[in-house]
Amino acid sequence: MDFLAIIPARYASSRFEGKPLVSIFGKPMIQRVYERVADVFDYCVVATDDERIAQVVIEFGGRAIMTSVHHKSGTDRCCEAYMKAEQYFEKPFDVVVNIQGDEPFIHSGQLEIIRKCFEEDPECQIATLIKPFAPDEDIFNPNTPKVVVSKQGYALYFSRSVIPYLRSEHDSQNWGNRHVFMKHIGLYAYRNRVLREITALEQGVLEQCESLEQLRWLENGYRIKTAITYQESHAIDTPADLEYVLTHYKNCLNEL
């Protein structure tokens with residue numbers, strides 16, 4: 001089974017313009033991500049719409065594929081890059097892995113887990129990671145999507161609200177002590193056929209309500225296999241996130 005790892009990277013982020021190129025202890029963030037991913041997957045590319053990012057990738061020895069500036073999601077950008085990559089590498093790929101370009105702390109173990117979802121289950125269409133909320137985390141933060149899963153490990157629903165609702169516990173501040181809530185880690189992998197299909201779908205009601213693209217796939221009958229990770233990856237979405245990383249990891253370069 002051949003895997004293609006794609007790292008979507010945009011320059012014009014509304015919350016942090018140019019963040020793929022910010023320096024993290026002497027290396028651009030996109031290089032930090034790329035090197036971690038390349039340790040696990042033989043075929044790895046950065047999918048970008050900006051020549052500045054592509055040039056930096058080429059300079060550190062990585063591979064970059066230019067994509068349209070009009071994509072609305074990282075999944076759409078991955079699909080275009082996947083189709084171009086098959087020509088670039090002159091070979092087909094069975095599974096596409098979508099790793100966000102702002103995840104410089106992604107663990108190789110997390111990437112191995114996502115790979116095993118397909119190696120161990122020939123029926124797996126889409127796979128993603130989930131993680132139990134830590135005791136000190138805010139389960140009510142709408143920027144952290146929550147997920148509930150079936151006994152077989154398939155996602156039943158994703159939401160920005162807390163799910164499930166604990167009807168018998170009237171003090172919501174105690175909910176974290178009564179139930180293990182799961183948060184979604186934004187790492188995806190797709191069968192090549194499924195990736196082409198889901199990027200052709202129209203937005204559904206659920207996605208419009210929650211602004212979570214994976215609900216479009218569930219609403220159209222696709223199954224999303226989940227796997228549990230207990231490792232944090234610390235995505236960098238804002239300048240404040242970058243400052244936190246530079247402060248808390250300055251003496252922990254081995255983490256990088």
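This is a predicted model: local features need pLDDT of at least 70, side-chain atom pairs count only at pLDDT 80 or more; totals for chains, interfaces and linings use all residues.

Where does E90 lie? E90 lies in the loop between α3 and β6, the latter being residues 95-98.

E90 has a positive phi of about 60°, although it is not a glycine. Most residues other than glycine have a negative phi, and most peptide bonds are trans. With a relative accessible area of 72%, E90 is exposed, because the cut-off for that word is over 50%.

S211 also has a positive phi of about 60° and is likewise not a glycine. Its place is in the loop between α7, residues 205-210, and α8. S211 counts as exposed, at 53% relative accessibility.

Staying with the backbone, I draw your attention to the peptide bond from I163 to P164, which is cis, with omega near 0°. P164 is found in the loop between β9, residues 155-159, and α5, residues 175-178.

What does V37 touch, if we do not count residues up to four places away in sequence? V37 touches A5, I7, C44, I99 and L111.

V37 brings us back to helix α1. Why is α1 described as largely enclosed by the rest of the structure? The reason is that 8 of its 10 residues are buried. The buried residues are M29, I30, Q31, R32, V33, Y34, R36 and V37. An α-helix has 3.6 residues a turn, so residues three or four places apart point the same way. The cover over the buried residues of α1 includes the strands β1 (3-9), β2 (23-24), β3 (27-28) and β4 (44-48). Helices α2 (51-59) and α4 (108-119) are also among the elements that cover them.

How many disulfides does the structure hold? The structure holds 0 disulfides. A disulfide is a covalent bond between the sulfur atoms of two cysteines. For C44, the closest cysteine sulfur is in C78, at 11 Å, which is too far for a bond. C44 counts as buried, at 1% relative accessibility. For C79, the closest cysteine sulfur is also in C78, and the separation of 8.7 Å is again too far for a bond. C79 counts as buried as well, at 7% relative accessibility.

Next, I ask you to find T67. Is T67 buried or exposed? T67 is buried, with a relative accessible area of 8%, and it is found in the loop between β5, residues 64-66, and α3. Leaving aside neighbours within four places in sequence, T67 is in contact with A47, T48 and D49, and also with R77, E80, A81 and K84. T67 and K84 are 17 residues apart along the chain, and their C-alpha atoms are separated by 9.1 Å.

Finally, I come to the empty space. Rolling a probe the size of a water molecule over the atoms shows where empty space is left. A search of the whole structure finds 1 cavity of 30 Å³ or more, and about 30 Å³ of space lies in the largest cavity. Which residues line the largest cavity? Its lining is made of S73, T75, D76, I198, T199, E213, R216 and W217. They divide into 2 nonpolar, 3 polar and 3 charged residues. Helices α3 (74-89) and α8 (214-219) each supply at least two residues of this lining.

As for pockets, the second largest pocket holds about 260 Å³ of space. Of the 14 residues that line this pocket, P135, E137, I139, G176 and N177 lie nearest its centre. The lining of the second largest pocket divides into 7 nonpolar, 5 polar and 2 charged residues.

Thank you for your attention.

Conventions
Residues are numbered from 1 along each chain as its sequence is written. Side-chain values use heavy atoms; hydrogens and water are left out. On a 1 Å grid over the protein atoms alone, a cavity is a set of points where a 1.4 Å probe fits but cannot get out, and a pocket is an open set with protein on both sides within 12 Å along at least five of seven lines; lining residues have an atom within 4 Å of a point. Grid points are joined across faces, edges and corners, and a volume is the space filled by probe spheres set on the points. Helices (H or I, at least four residues) and strands (E, at least two) are DSSP runs, numbered from the N terminus. Ala, Val, Leu, Ile, Met, Phe, Trp, Tyr, Cys and Pro count as nonpolar, Asp, Glu, Lys and Arg as charged, and the others, Gly among them, as polar. Contact means heavy atoms within 4.5 Å. A disulfide is a pair of cysteine sulfur atoms within 2.5 Å. Buried means under 20% relative accessible area, exposed over 50%, partly exposed in between (1.4 Å probe, protein chains only).
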